[in-house]
Amino acid sequence: MVAPSPYRTAIIDCVKSGMTNSEIVKKLKVSRVLVFRTAQRYRRLGTSDDMQRRGRPVTVTTPEAVKAV
């Protein structure tokens, strides 16, 4: 899974203030795709949180983890 962009909150703040995607790209100097996807996710979900995933979360069963439990 990919970590969320550190620019996510800045992009969402710009979207809330009414800036266009092109203006955000020029202001923050980030890729158009990042701005488009982040703005689209915010408009669809109404929040900056990640989308819900399906299924059980991945667990790690290393010997150290088993010993700790």
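Predicted model: local features only at pLDDT ≥ 70, side-chain atom pairs only at ≥ 80, totals over all residues.
1. Just after α2, K29 adopts a positive phi of about 55°.

2. Two packed helices are described by the angle between their axes and the distance between the axes. Here the axes of α1 (residues 8–16) and α2 (residues 21–28) come within 10 Å, with a crossing angle of roughly 135°. Angles over 145 degrees would count as roughly antiparallel and those from 65 to 115 as roughly perpendicular, so α1 is oblique to α2. The crossing in which α1 passes α2 is right-handed.

3. The contact between the two helices is formed by A10, I11, C14 and V15 on the α1 side, and by I24, K27 and L28 on the α2 side. By class, the residues of this contact are six nonpolar and one charged, with no polar residue.

4. Which residues of α2 are buried? They are I24, V25 and L28. Seen down the axis of α2, these buried residues fall within an arc of 100°, and therefore line one face of the helix. Their packing partners are α1 and α3 (32–45).

5. K26 and K27 lie on the other side of α2 and are exposed.

Technical notes: Residues numbered from 1 in each chain as written. Heavy atoms only, no water. Axes fitted to C-alpha atoms, helices over the stretch in contact; angles between N-to-C directions. Helix = DSSP H or I, 4+ residues; strand = E, 2+ residues; numbered from the N terminus. Parallel < 35°, antiparallel > 145°, perpendicular 65-115°, else oblique. Left-handed = near helix turned anticlockwise from the far one by under 90°. Contact = heavy atoms within 4.5 Å. Nonpolar A, V, L, I, M, F, W, Y, C, P; charged D, E, K, R; others polar. Buried < 20%, exposed > 50% of the residue type's maximum accessible area, 1.4 Å probe, protein only. Arc of directions from axis to C-beta.
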